[in-house]
Amino acid sequence: MNHYLFNQLAYIRGQLFKAMDGVTEETADLIPEGFRNSIRWQLGHIYVIAERFAFQYVGLPLHLPEGYKEWFENGTSPLHAPASRVYPSLQDLKTLLVDQQDRMLEALNDRMQTKIVPSYTTSGGMTLETPEQFLSFDLYHEGMHFSVIKLYKVLLAR
């Protein structure tokens, strides 16, 4: 039986994909005034952080296509990218996000309570010690960025 967090992850990812409906490749790169990232960046960032939380700290291999860490990690912004940079398509990002869910389930379902040494403390001060805690925190993280995507869609439609 799958750990309940995988059902929650599937739910939030489903909501994320619904939020992508109507977002064009062009719209995905627009940055609302006063902000520093785009919808495409939000999606790539969700992928990169989930990859770290699910695999890196457990000691499993990461699946980060070339450039993703530099483009979508904390502190990055398309505002500082060279104009020649070619970002992944929305479909490529969606495919990675779907495949990531499957890899998480396969790699972590039977080891959700495994202690991770050393533990990891987030920038906000939350200490995470098991895959269960990492994935639970990742749901919070994805929810924040899902909300930003919904906000951007409203702002960009004006």
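Author: Before we look at helices, a definition: axes are lines fitted to C-alpha atoms, and angles run from 0 to 180 degrees between N-to-C directions. Keep in mind that this is a predicted model.

Reader: Okay, how do I read two packed helices?

Author: Two packed helices are described by the angle between their axes and the distance between the axes. Here, α1 (residues 4–20) packs with α4 at about 175°, and the axes are 11 Å apart. Angles over 145 count as roughly antiparallel, so α1 is roughly antiparallel to α4.

Reader: Which residues of α1 and α4 make the contact?

Author: On α1, they include Phe6, Leu9 and Phe17; on α4, Leu97, Val98 and Met104 are among them. By class, the contact has twelve nonpolar, two polar and two charged residues.

Reader: And how do I read aromatic rings?

Author: A pair of aromatic rings is described by the distance of the centres and the angle of the planes. This structure holds 15 aromatic pairs. Take Trp71 and Phe72: their ring centres are 6.2 Å apart and the planes sit at 90°, so that pair is edge-to-face. Trp71 also pairs with Tyr87, with centres 5.4 Å apart and planes at 70°, so this pair is edge-to-face too. Trp71 is in helix α3 and Tyr87 in the loop between α3 and α4, so the pair ties together parts 16 residues apart in sequence.

Reader: Is Ser77 buried or exposed?

Author: Buried means under 20% relative accessible area, so Ser77, at 5%, counts as buried. Ser77 sits in the loop between α3 (68–72) and α4 (90–108). Its side chain reaches the backbone nitrogen of Leu79 at 3.0 Å.

Terms used. Residues numbered from 1 in each chain as written. Predicted model: local features only at pLDDT ≥ 70, side-chain atom pairs only at ≥ 80, totals over all residues. Heavy atoms only, no water. Helix = DSSP H or I, 4+ residues; strand = E, 2+ residues; numbered from the N terminus. Buried < 20%, exposed > 50% of the residue type's maximum accessible area, 1.4 Å probe, protein only. Polar contact = N/O pair within 3.5 Å; in protein donor to acceptor, adjacent residues only side chain to side chain. Parallel < 35°, antiparallel > 145°, perpendicular 65-115°, else oblique. Contact = heavy atoms within 4.5 Å. Nonpolar A, V, L, I, M, F, W, Y, C, P; charged D, E, K, R; others polar. Phe/Tyr/Trp six-rings, centres within 6.5 Å; stacked < 30°, edge-to-face > 60°.
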